[in-house]
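Hi,

Here is the structure I promised to pass on. Please open it first, then read my notes below with the model on screen.

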Amino acid sequence: MTAAATDERAEETGAGWRGKIGLMDQREMDEFLAGNNLARLAVLDERGWPYVQPVWYQWEPVEGVFWIVARKKSAWAAYMQRDGRVALTIDGETRPYRKVALQGTAEMIEEPNVGGQWVEIAKLMATRYLGDHGPDYIVPTLDKPRWLFKITPTALVTWQGVDWHSRYKD
């Protein structure tokens, strides 16, 4: 098979530069969410306006929830405590493009504290986002109070590849 025929066949099957096209299966989604992409968290401020903040997250595939740790003075944490309706988007920056978008309910698990359940989650996130320097970042700030929120998706969609979903092609 020639190189041109191989490229043509790869495009027909969704491989090649476009990547795999379509929804991610559970394994693909779990693998993607285990990466170090930032999430964009949308909450409602005190006037009911959307407020979007880039955040670190921890995906828990067994429970199907996202963990968010916030500093005590984070305005968006207080907004989430007041109104638990949230949205998250997580998208990759390189091809093949992948993304997860969801709406969900945020539940405050811990008010700002030192030494709570948030510590282990924050350590996991720091290591995932910063590699070997994760402890260098998180350990010196463990005396700073933080909130812990659990976000349970109520609607979740995934997509991967460089192409439009069929509903947009009409």
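Start at strands β6 (98-113) and β7 (146-160): each of them gives at least two residues to the lining of the second largest pocket. Keep in mind that this is a predicted model.

**Second largest pocket**

The volume of the second largest pocket comes to about 250 Å³. Its lining counts 12 residues, and those closest to the centre are Lys 99, Thr 158, Trp 159, Arg 167 and Tyr 168. Sorted by class, this lining holds seven nonpolar, two polar and three charged residues.

**Largest pocket**

How much space lies in the largest pocket? The figure is about 360 Å³. Its lining is made of 15 residues. Nearest the centre of this pocket are Trp 56, Val 69, Ala 70, Arg 71 and Tyr 137. Four elements put in at least two lining residues each: strands β2 (50-55) and β4 (65-71), and helices α4 (118-130) and α5 (134-138).

**Overall layout**

Stepping back, the protein has five helices and seven strands. Read from the N terminus, the order is α-α-β-β-β-β-α-β-β-α-α-β. The C-alpha trace spans about 65 × 40 × 25 Å along its principal axes. The chain has 170 residues, and 36% of them are buried.

Asp 30 deserves a look. This residue sits in helix α2, which covers residues 26-33. Asp 30 is buried but takes part in no salt bridge. Which side chain of opposite charge is nearest to Asp 30? It is Arg 27, and the distance is 8.7 Å. What Asp 30 does have is a polar contact, side chain to side chain, with Trp 59 at 2.9 Å.

Arg 27 has a salt-bridge partner in Glu 31, with the closest N and O atoms 3.7 Å apart. Helix α2 holds both Arg 27 and Glu 31, and their spacing of four residues is about one turn of the helix. Are Arg 27 and Glu 31 buried or exposed? Both are exposed. The pair also belongs to a salt-bridge network that links Arg 27, Glu 31 and Arg 98.

**Other salt bridges**

The total is nine salt bridges. Two further examples follow.

Take Glu 107 and Lys 150: their side chains form a salt bridge at 4.0 Å, N to O. Glu 107 is in strand β6 and Lys 150 is in strand β7, so this pair ties together parts that lie 43 residues apart in sequence. Glu 107 has 41% relative accessibility and therefore counts as partly exposed. Why does Lys 150 count as buried? Because its relative accessibility is 18%, and the cut-off for buried is under 20%.

Lys 144 and Asp 143 make another salt bridge, at 3.6 Å from N to O. Lys 144 counts as partly exposed because its relative accessibility is 47%. Asp 143 is partly exposed too, with a relative accessible area of 47%.

**Two single residues to check**

Met 108 is placed in strand β6. Its relative accessibility is 28%, so Met 108 counts as partly exposed. How far apart are the C-alpha atoms of Met 108 and Arg 82? They are separated by 9.6 Å, while the two residues are 26 residues apart along the chain.

Thr 127 is in helix α4. This residue is partly exposed because its relative accessibility is 41%. From Thr 127 to Glu 60 the sequence gap is 67 residues, and their C-alpha atoms are 16 Å apart.

**Where to look**

For a quick tour, I would take these stops in order:

- The second largest pocket, with Lys 99 and Tyr 168 among the residues closest to its centre.
- The largest pocket, with Trp 56 and Tyr 137 among the residues nearest its centre.
- Asp 30, buried and without a salt bridge, and its polar contact with the side chain of Trp 59.
- The Glu 107 and Lys 150 salt bridge.

Best wishes

Note on methods. Residues are numbered from 1 along each chain as its sequence is written. This is a predicted model: local features need pLDDT of at least 70, side-chain atom pairs count only at pLDDT 80 or more; totals for chains, interfaces and linings use all residues. Side-chain values use heavy atoms; hydrogens and water are left out. On a 1 Å grid over the protein atoms alone, a cavity is a set of points where a 1.4 Å probe fits but cannot get out, and a pocket is an open set with protein on both sides within 12 Å along at least five of seven lines; lining residues have an atom within 4 Å of a point. Grid points are joined across faces, edges and corners, and a volume is the space filled by probe spheres set on the points. Ala, Val, Leu, Ile, Met, Phe, Trp, Tyr, Cys and Pro count as nonpolar, Asp, Glu, Lys and Arg as charged, and the others, Gly among them, as polar. Buried means under 20% relative accessible area, exposed over 50%, partly exposed in between (1.4 Å probe, protein chains only). Lys and Arg count as positive and Asp and Glu as negative; His and the chain ends are not counted. A polar contact is a pair of N or O atoms within 3.5 Å; within protein, one must be able to donate a hydrogen and the other to accept it, and residues adjacent in sequence count only if both atoms are side-chain atoms.
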